[in-house]
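Trainee: I would like a close look at a single part of this model.

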Amino acid sequence: MANFIHLDGFAHLTALPCIRFSFADYTAVVSLYGGQVLSLTLKGEELLWLSPTTDWQNQHPIRGGVPVCWPWFGPVDQALTQQQVPNHGLARTHLWQQVADESCSDHALLILQAEFDNIPWQAGKVRLQCQYLLNHKGLHLHLHCNDLTRQQAALHTYFACDDVRHATVSPLPATFINKVEPAETSAALQFGDEIDRIYQGAAATLTLQTPATLLLQQAGHDASVIWNPGQVKGSAAKEIGPQQWPKFVCAETARLSLQDTKALDLQMTIGRL
């Protein structure tokens, strides 16, 4: 059975309210700030990357782990609002509340919820809930909201790598939206230079070689986003730097279409083979 342990900080992030829980050989740490997974270990081996210099004070989003991007992704689409708002939405810098936990013979489950009254295009209160479930396969996340008809979301997972230049992600569609070189839409995936690609209609299961073999299973998505800042941008980035940019690859489970008006039910499972 799992023990749900409340922590006052994790790694170098002091005074950060977190919950640590385990099942079988997996242990997860989830921050109430942002509803963000900070760590997932299998027999003590860390599967996620967390910036050693990131901060969380003064509404600063934490870089690493699994940030929750919602209700927009990246710079906000002007079809949603003309207001000046932060990239990747409001959930990353909001304090979530624990609403339930359970532990049984085949899983351990933590449920967090956040309430918002500042969605620019929505009057009234909006609830966002995330379930974090550990079982023998790994960590399953289920992000749910039925209070909005227009919303985007992404589970922005930073997978730990020995060296991203030798990492692979497969299978991926043959074409993609390239946010770095818009004219290039079909090149092979090779890390080293900046990579920021949206693969629409990505498969339900992706395999990452980091060199560990990791599985990313996803549902309720319409795209997978693959990102690494590359040597030039990564080395210059304050919370990454020249030693850290090769240490991760982001493979993100995303729902990006604003034409999809169904309730948000974005799910992913991450684990190691």
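Which residues line the largest cavity?

Mentor: This is a predicted model, in which local features need pLDDT of at least 70 and side-chain atom pairs count only at pLDDT 80 or more, while totals for chains, interfaces and linings use all residues. Residues are numbered from 1 along each chain as its sequence is written, and side-chain values use heavy atoms, with hydrogens and water left out.

The largest cavity is lined by L40, L47, L48, F159, L214, L215, I270 and G271. Two elements, β17 (213–219) and β20 (264–272), each give two or more residues to this lining; strands are DSSP runs of E, at least two residues long, numbered from the N terminus. A cavity here is a set of points on a 1 Å grid over the protein atoms alone where a 1.4 Å probe fits but cannot get out, and lining residues have an atom within 4 Å of a point. Rolling a probe the size of a water molecule over the atoms shows where empty space is left. The structure holds one cavity of 30 Å³ or more, and the space in the largest cavity is about 30 Å³. Grid points are joined across faces, edges and corners, and the volume is the space filled by probe spheres set on the points.

By residue class, the lining has seven nonpolar residues, one polar and no charged. Ala, Val, Leu, Ile, Met, Phe, Trp, Tyr, Cys and Pro count as nonpolar, Asp, Glu, Lys and Arg as charged, and the others, Gly among them, as polar.

How values were computed:
1 Å grid on protein atoms, 1.4 Å probe; cavity = no way out; pocket = protein on both sides within 12 Å on 5 of 7 lines; lining within 4 Å. Helix = DSSP H or I, 4+ residues; strand = E, 2+ residues; numbered from the N terminus.
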